Amino acid sequence: MAGYSLPILGNWLANELGLYSILSSSRDTKLLCLQRFIRLFAYGASTLILALYLSSLHVSDARIGLFMSMTLWGDAVVSFILTLFADGLGRRRTLILGAALMAASGAVFAFNSNYWILAAASIFGVISPGGNEIGPFKAIEESTLSQLSAADKRSDIFAWYALLGNFGSACGVIICGWLVEWLQTINGWTSVRAYRIVFGIYAFLGIVKLALSLLLSNQCEPAPKKPEYQQVTELDDVEIESLLSSDDEDESIEPRPKPRQKPNPPPFPSRKQKLSLLPSISPGSRTILLTLCILFAIDSLGGGLVPASWITYFFTTNFSLPEGTLGTLFFTTRIIAALSTLVASSISKRIGLVKTMVLTHLPSAIFLALIPLPDNVSVAMTFLVLRSCTQNMDQAPRQAFLAAAVLPGERTAVMGVVNVVKTLCQSAGPVVTGWLAGTGRFWMAFLVAGGLKAGYDLAMLKMFLGYRSREELEGEERTKGMSRESA
């Protein structure tokens, strides 16, 4: 009996965790998930040392905060432009361009120390201050994954997409932390030189991501639009005369020449064709997009106050933790966060996407506010670990909810707009935290961030509890139609 129950339990567990969904997914889906792992590995590695690198170059706390904010402002502009035209220009081309910018940014950080040159590289390139997604990648990849995945498997695919990203970030922080600590034990190696090695690895991973983008197939591109121009047949003078003549006269008329056709339009795109590169968003999607942008803006402002770079800086300045210990700490938190995303997928199948988003995210907001209160490093680290247990559990349900709420052809643009709004709101946080850190009130950033995130959760629950997506409504209509036909 026990022998039969184990395979059944294994199949049930694999189904609950979405393992069958990701294994049976397309090659492009697996490539996109691999790209996210590599990208977040690089982000995690650079995030651990970004604030420390600038501080070692004798940059003040206020200017470090300004640097992070400028990075996010630049990312918002670049991401908005690239995601807005991604479907028109080609998703693969946009991903390749983003990977090239990522590699270029890492190279500049590896070979330069000038504050403004580094700021320009982070503004126009791809550098993540918080270890989270930055650049045009996320919106394009999520839109593509939505297109490649069936609706009933989409939440599982997004869960694994989020898990691999978190796992990559966790690997990045621990390898970076212990690598930097080991390099500083070598005679003649300064902290600045060790940090630059990490940014060199960052540039190399950007090149690897570019190569993976070249392997994507045409299935990643949006469905082609119907041609606007069609051949229109015109009647010539002989045809008109023949139609106006009598039946008797028709017999004496010579065979009609073939109708001539209007020539095809010139190869140069018209104004209308150029504007067709811009996506159109339906009125219903605009309404929900506006509401979600306001809510996500509140959450992102809270997240922007305490990005991972500032948290590592907080533990270094307040408790004097070395890079290796920091790497281990953040590896632990991100592994926990990665595993929790699979649990969220299973929960969302039972209580719904919105409830899962709120009930998992709210505890993390409370623990975030508690981090700076204790004077003991072990207690502060405990609050950080507890926060990570549910910190990312809302990611997969949130993206699945957003993908289902809008039309398929709108997803890239909508997700791009949402990411830009989130990034712009995040950008206001680091400069405020830099000022608070410089004036000895670093702890206030954690309290305000936790309060904003908790407010977002409660507002989300109030406004979208019981909401039915378009896909759910269309599915009900199809079921009713089939029932009427069978009756």
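Is Phe401 buried or exposed, and what is its relative accessible area? Phe401 is buried, with a relative accessible area of 4%. The points below concern side-chain contacts in this model, which is a predicted one.

1. Phe401 and its partner. The ring of Phe401 pairs with that of Phe464 in an edge-to-face arrangement, with 5.5 Å between the centres and 80° between the planes. The two residues come from distant parts of the chain, 63 residues apart: Phe401 belongs to helix α19 (residues 395-405) and Phe464 to helix α21 (residues 442-464). Phe464 is buried as well, its relative accessible area being 6%.

2. Other aromatic pairs. The count of aromatic pairs comes to 20. Ring pairs also build a cluster, whose members are Tyr53, Phe67, Phe109, Tyr115, Trp116, Tyr195 and Phe199.

3. Arginines over rings. Arg193 is placed over the face of Trp189, 4.0 Å from the ring centre. Arg398 is placed over the face of Phe296, and here the distance to the ring centre is 5.6 Å.

4. Five salt bridges are found in a search of the whole structure. In one of them Glu221 meets Arg92, with 3.0 Å between the closest N and O atoms. This pair links distant parts of the chain, 129 residues apart: Glu221 sits in the loop between α10 (191-214) and α11 (237-244), while Arg92 sits in helix α6 (residues 91-111). Glu221 has 18% relative accessibility and counts as buried because the limit for that class is under 20%. Arg92, at 22% relative accessibility, counts as partly exposed.

5. Arg398 and Asp299. Asp299 and Arg398 are both buried.

6. Arg398 and Asp394. The relative accessible area is 8% for Arg398, which is buried. For Asp394, also buried, the value is 2%. Through shared partners, salt bridges join Asp299, Asp394, Arg398 and Lys453 into one network.

7. Cysteines. How many disulfides does the structure hold? The structure holds zero disulfides. Take Cys293: the closest cysteine sulfur to its own is that of Cys425, at 8.9 Å, which is too far for a bond because a disulfide requires sulfur atoms within 2.5 Å. Cys293 is buried, with a relative accessible area of 10%. Another cysteine, Cys220, is likewise counted as buried, at 1% relative accessibility.

8. Points to keep together when viewing the model. Helix α19 holds Phe401, which pairs with Phe464 in helix α21.

Definitions and conventions:
Residues are numbered from 1 along each chain as its sequence is written. This is a predicted model: local features need pLDDT of at least 70, side-chain atom pairs count only at pLDDT 80 or more; totals for chains, interfaces and linings use all residues. Side-chain values use heavy atoms; hydrogens and water are left out. Rings of Phe, Tyr and Trp (its six-membered ring) pair if their centres lie within 6.5 Å; planes under 30 degrees apart count as stacked, over 60 as edge-to-face and the rest as tilted. Helices (H or I, at least four residues) and strands (E, at least two) are DSSP runs, numbered from the N terminus. Buried means under 20% relative accessible area, exposed over 50%, partly exposed in between (1.4 Å probe, protein chains only). A charge sits over a ring if NZ of Lys or CZ of Arg is within 6 Å of the ring centre and within 35 degrees of the ring normal. A salt bridge is a side-chain nitrogen of Lys or Arg within 4 Å of a carboxyl oxygen of Asp or Glu.
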